[in-house]
Amino acid sequence: MATNTTQEQRSEAGRHQEVGHKSLLQSDALYQYILETSVYPREPEPMKELRELTAKHPWNLMTTSADEGQFLNMLLKLINAKNTMEIGVYTGYSLLATALALPDDGKILAMDINRENYELGLPVIQKAGVAHKIEFKEGPAMPVLDKLVEDEKNHGSYDFIFVDADKDNYLNYHKRLIELVKVGGLIGYDNTLWNGSVVAPPDAPLRKYVRYYRDFVLELNKALAVDPRIEICMLPVGDGITLCRRVK
């Protein structure tokens, strides 16, 4: 019994030891293996610096996990993305992963309600030599998206769009983003497995914010699954990311 208790304590001590550790893998050791074997050895120095800087911020669990940052960086290179958008920036780890993947004339329209968090990571982004690719807009994304949709020249103009923001607006974003992403382009919705709560029983003990947003995440997942305009792939990377490829 004592041995089991000790093992459980060690397991809890190891849980979430990494900034952005949102993996749903049952074994923390296995996740650590992924990080130490394939993620950290290949992590660009600016991303490492920003990740370590973000670790000191009180809201550091909001950041994109290192393995997801690696995934996004490779994905953008695979699809030869050039014109992209990001809704929800925080300190900019996923933004930096994107900026490093884009060609020198690539562009990212980045939106967040908190400029202060973005400016925390901005010096690292500037030092990496990719700040010129980023147009940052502070405030709610919805008015910006509505203005973009109004002008037909913006329709189908984005290669990739990443959404990691207010979950209660994900479906509202989708209604607009599907017009803005090109046919064959991708939209990535983060947190679509939402701490594993999407399969939790109704009476499960959940953190207040997890319980509040769970229904919105469930609604999004159901809607994406039947949307004929897209092909989807839900991946257990980070806290779950659903890729939507526009097909019409």
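Me: Which residues make the nonpolar surface patch of about 350 Å²?
Reply: This is a predicted model, in which local features need pLDDT of at least 70, side-chain atom pairs count only at pLDDT 80 or more, and totals for chains, interfaces and linings use all residues. Residues are numbered from 1 along each chain as its sequence is written, and side-chain values use heavy atoms, without hydrogens and water. The patch is made by Leu25, Leu30, Tyr33 and Ile34.

Me: Is Ile34 buried, partly exposed or exposed?
Reply: Ile34 is found in helix H2, residues 28-39; helices are DSSP runs of H or I with at least four residues, and strands are E runs of at least two. Buried means under 20% relative accessible area, exposed over 50%, and partly exposed in between. Because its relative accessible area is 31%, Ile34 is partly exposed.

Me: Is Ile113 buried or exposed?
Reply: Ile113 lies in the loop between strand E2 (107-112) and helix H6 (115-127). Its relative accessibility is 65%, so Ile113 counts as exposed.

Me: What separates the C-alpha atoms of Ile113 and Ala29?
Reply: Ile113 belongs to the loop between strand E2 and helix H6. Along the chain, Ile113 and Ala29 are 84 residues apart. Their C-alpha atoms are separated by 35 Å.

Key. Patches are made of residues with over 30% relative accessible area and no salt bridge: like charges are joined within 9 Å, nonpolar side chains (Val, Leu, Ile, Met, Phe, Trp, Tyr) within 5 Å. Accessible areas come from the Shrake-Rupley method with a 1.4 Å probe; for residues, only the protein chains shown count as cover. A salt bridge is a side-chain nitrogen of Lys or Arg within 4 Å of a carboxyl oxygen of Asp or Glu. Buried means under 20% relative accessible area, exposed over 50%, partly exposed in between (1.4 Å probe, protein chains only).
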